[in-house]
Amino acid sequence: MTIGAGTGTLLEVSGISVSFDGFKAINNLSFNIGPAELRAVIGPNGAGKTTFMDIVTGKTRPDEGTVRWGENYTNLLKRNEAQIARAGIGRKFQRPTVFEDQSVTDNLMMALKAARSPWKVLFWRAGGKDDARVAEIAAQVGLADQLPRKAGELSHGQKQWLEIGMLLAQEPKLLLVDEPAAGMTLAEREATTALLVDLARTRAVVVVEHDMEFVRRLNCRVTVLHEGSVLAEGSLDHVTADKRVIEVYLGR
Amino acid sequence: MRPGFLAKNPSVIWFLLILAIFTLTITLLSHAYGPGVISTSMVKTLGKTLCLCLIAIAMDLVWGYTGILSLGHFAFFGLGGYMIGMWLMYERTRDIVLASASDFPMTPQELQDAIGSQIFGVVGSSNLPAIWSFAGSLPMQLLLVVLVPGLLALVFGWLAFRSRVAGVYLSILTQAMTLALSLYLFQNESGLRGNNGLSGLQNIPGLSADQDHSSVWFLWASALALALGYLLAAAIVAGKFGSVMRGIRDDEARVRFLGYPVEGFKLFVFALTAVIAAIAGALYYPQAGIINPGEMAPIASIYLAVWVAIGGRGRLYGAVMGAFFVSIVSSWFTGGRVPDVPLGFYTIKWVDWWQVLLGLAFVLVTLLAPKGLSGLVDLIAGLRSPRRGGAPLGPDAGSLQQEEARE
Amino acid sequence: MRKVLMTLGIFLMLALPGVAQESAAQMAPATAGQGADPQTGLAAVLARNVTKIAKPSRMTIGPVIDEIAASGPGASRFLQAWADRRVGLRTSDDTLFLIEKKGQDYALSDPVTGASAGTAPRNEISEVKPNSGVRAVIGAALVRFLLSDPDPTKRREALTAIERDGEASHLAPLRASIAQEPDAQIRLEKQRLERLLTIRFGKDAGERVAAIDSFGADTGLDLRATLNPLVATQRKAFDGAPQGNVAKTLRLGRDLSEGEAYALLVAAKMAPERISDGAMKQALAANVVNGSVGGLPLADMSDPAKRELAYSALAKAGTVAPRLSEAEAQALIDAHSYADIYAEPDAAVTKAAEAGLARVSRKVGLMQSVDLGLDGLSLASIYFLAAIGLAITFGIMGVINMAHGEFITMGAYTGYVVQQFVPDYTASILIALPLAFAITFGAGVAMERLVIRYLYKRPLETLLATFGISIALQQLFKNIFGTQARPLTSPPWLDGALQINDIVSISYIRIAIFVLALVFLGLYLWVMKRTRLGLEVRAVTQNPSMAASMGINPDRINMLAFGFGSGIAGIAGVAIGLFAKVTSEMGQDYIVQSFMTVVVGGVGSIFGTLAGATLIGGLQKGIEFLNPSNTLAAQTYMILFIIIFIQFRPRGIVALKGRAAGD
């Protein structure tokens, strides 16, 4: 597979390694994703899934390797978290992290794509278009009647949805989603699956998940991580047939 | 149609109303404009208290809203006082020198030397240091009131936030900054008269009014500054900027992943509040009459945190209430006006025991009433805390607990 | 005995070429008939010089004293008596006696043997009263005898006297006394003093330079006191090239200002004194006529240039004395040369002295840095002691305890109270150390139970609550113990200092604190790494719920760990109280530095705390050394340094990396 700018690659991660006190969390990992693609990343505990996300979003600096982004082939390793987020990478955490002390509207307003510098934010005032967009997103994630409530008062599932809504408001080109289905009811899972599949039509979505059923429903290309590097890649049926994958998941 | 700013923040109107009534009442009861029920020194104390309320607002912005527990804002307060104090002292000394000089005109150098030896005779020097270059110009010194603390806050904040020093580390670092500054000012070499500080600031050059009148004018100036400061703070807090501030307080990393440059926001808030603190200081010290480096010791900044905590952080009126209540009660107790309590075997003298009481009250407020005095307002208004998801992290349901749990 | 003295006297005489030459003629007969004739020796000398002795004058008495000094037995006794005004002249036969008042009469004794010679009524004796000048000459002569006195204490006294107030005349007797000196130690001292005197009074440059060089880089204060006057200079102005032993030719504008140059000229009477600006102003003010002065309006007088104009106008009119114009003064200044001139005329000597002093100051510098290092080390141990408790409560448990300083104070006051009951200082300290630990342990546990346990994981609120406790405790101390400092006296065996040489010394109390710091480092390591408590503390701080599920009670462990950290603070308080004043505010002096120590060192690592303490202690001493007048400035700069240091190593010197650091 050839990689690089112009071949339809949105994010190109190549040869990254990182170690904590001698423990190699990521070992010579390479990963690519196109502009409108849904990808599931699976792997046993400690395979480096979260660390991989940390590196892409700028939270952790790798010891070696490169992370390139977008048409301009930007080096993301030179950017900080906020700059990477502004470049168009959104992240959803495992535990729902919303601003509990603020209303749903405020949460969504904060996430809404707009200028982010302190000076601009200071003089920013919500216009009719912004109100409409917030209402639209709230409707999309099923929180239309919850707008004035404080986020802290929402149920666990509603918080998950609010966080996804905030991601949508950011209008990212790449979505990194960490175990979205955790703690959701069956109906919520199905709605989440539908939403992710729908989102992947217009942007890249990377889903990290444990739950094989959930991954199967996503019906997309799967990357298997093990001990910090890619073990296998392909359709779910393809990778589950892989001997090494079976060994990793079942062998021990 | 979205509601207006004042409609969304009814507390602003209430606050301005109460402040106006308060100021008017004091004025009409003062020596200068009324029967004199309230003494001039009391007017000064109240005026100073209003300045303390203003710096409490700054502290609330930086701590209550943004979660940066700065133990350095009294340093900015003091710096503001020093900057205005330099002009007051220079101009007054110049007037005195000119009044006592003979008819023969002085050269500028002679005038400068005479002022220098008047001001610095007490520290055994007679030269005006370079930092007094602009002391003769009110506009320049007023500019410096804003610039010096603002720049110091910018430089310090840039260094601290850039390296992601946060939480208690930042608190200790700001405390160290305050300590360094006050130690520096304690030296005669600092060019600000060492531990003597600047004095005679209550006399405003070029103003023929007596203290009775000028104290009321300063009360009005302080009230105006407080009102403007409150309006500014309320406007900032009500908008998206305020949302981001509270977001940083509650979950800094999340705000970063939303694309906001957290360091820039913190720096902005830190510098802005430093400037507000400096303005409060510039209004406070002409009423106090004297400023010395002891005023800027780290302990003062911690007391500031105490006021805001007792008043209730995360609400502007809470900060004002705390500063007003604690400093008034404090001056009441330490002024020896509270009767002693004889217990037979021991007599409680409040001058000695007030600090113990304050310390313990503070511990109790932190433990049991994180909303502080403003919790009372909630009771009156019938507000209840929102129900919260997740396991409680402490014995109470303060709004800050989850943010701090993630330290 | 006498024989010894006599031989010594003779030896002295022979050894002193200058004295010997002068007195050789007179001495010849005495030497010839040594010991036999009663009219030889002292008796003969006295007989010959009786009039000069009775009415001595400073100008003429020198040779006589030399002669007496060389005369043999009894000479020192006579000189001593003479200097003490105990010599009298029997007017009837012009004979000298040692006299002593006895009622109305004098008791006489023979000047040579000291044997009694009866009494004489007052009117027969005239007391010999040498003036102070003569007594000084006698004193110098006496030194020779003292230097050879059989009693070593006397010899030492003589050396000390010479050291304090040496003269050229001491050199010869000192040299003479060296060879005979029986005591090796005193001989060394004599040799050293001889070289010092040679530097000052040696007869030629070669001898003096050799003496200077012989000292090498000796750091003795006496050497520096001897060399410094040799390199003292005086600033002078010259008409033409500088003369004398020039230390440095001064260039105008660089080495000295024009004002200084002019002052030198005035001092040397090479230029007239200028009328000062002040005097000019007074003269102008005195000549204001109808609102104008010297033809210029009074208002213009705020301009210095206009003042000059007005003054020269007045001078032209003859109203005031003319003033040297700037240009004229400048011409005078330029016409002369200026130099620093050594008071010592010999260039070779001054050069050697400068070189010697440079050697000395290099060595002194080296010694001082060693001393500074020791100072820094002891300050570091103090900071370490103050911070080690915090290393547990803050570093490991993550609890920020602003009342830690008050625990230190509490320990110090415990020591003070114990000393009120146990007067023996050694015993009281031995009681106070464990008691302070127990009390502050209790206070720490109480605080943890009552306040801190409700605030775990909420560091900012912990900071504020413990600060409240800190204010309350401080005021409580004030209410109980008052505001004045209370003494905590160290045992006598800790008094004094270990003196390594003139420059390097370290007080025993600091050594004790250093040792105590090491003991605590050991104790800490032992508790944390080798005991069950340490294991459980580490488990609880890393993962409380996991630890709890393994049967550890986190509440109990937190309580014990916090108590342990507080207890160490109490012991540190006793140690600090031994050399610092015990006041209610003493804890405040250490709290910020202690936090800095932990933060700079790296939170969670005891070796980090050690490194932090060393860095901060060393740095503070280093800055104090560069700016010795100002400890405030030293602290200011140190804090600034720390703030900047945190920029580059936000996690401290010993940084925990990776997931353990809570990334």
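Predicted model: local features only at pLDDT ≥ 70, side-chain atom pairs only at ≥ 80, totals over all residues.
Residues are numbered from 1 along each chain as its sequence is written, chains are lettered from A and ligands numbered from 1 in the order in which they are written, and side-chain values use heavy atoms, with hydrogens and water left out.

Let's start with chain A, which has 10 helices and 10 strands (DSSP runs, H or I of at least four residues for helices and E of at least two for strands, numbered from the N terminus). Its radius of gyration is 19 Å, close to the 18 Å that the globule rule gives for 252 residues, so chain A is as compact as a globular protein of that length. That radius is taken over C-alpha atoms, and the rule is 2.2 Å times the number of residues to the power 0.38. The C-alpha trace of chain A spans about 55 × 40 × 35 Å along its principal axes. Of its 252 residues, 55% are buried (under 20% relative accessible area, with a 1.4 Å probe and protein chains only). As for charge, chain A carries 31 positive and 31 negative side chains, with the centres of the two sets 5 Å apart. Here Lys and Arg count as positive and Asp and Glu as negative, leaving out His and the chain ends; each charge is placed at NZ of Lys, CZ of Arg, CG of Asp or CD of Glu.

On to chain B, with 16 helices and 4 strands. Its radius of gyration of 23 Å is close to the 22 Å from the globule rule for 407 residues, so chain B is as compact as a globular protein of that length. Its C-alpha trace spans about 80 × 55 × 55 Å along the principal axes, and buried residues make up 56% of the 407. Chain B has 24 positive and 21 negative side chains, and the two centres lie 14 Å apart.

Chain C is split into domain 1 (2-147), domain 2 (168-230), domain 3 (233-342) and domain 4 (365-661), with bounds from an automatic or database domain assignment. The C-alpha centres of domains 3 and 4 of chain C lie 63 Å apart. T393(C) counts as buried because its relative accessibility is 0%. Leaving aside residues up to four places away in sequence, T393(C) touches G398(C), V399(C), F562(C) and G565(C) (heavy atoms within 4.5 Å).

Definitions and conventions
Buried < 20%, exposed > 50% of the residue type's maximum accessible area, 1.4 Å probe, protein only.
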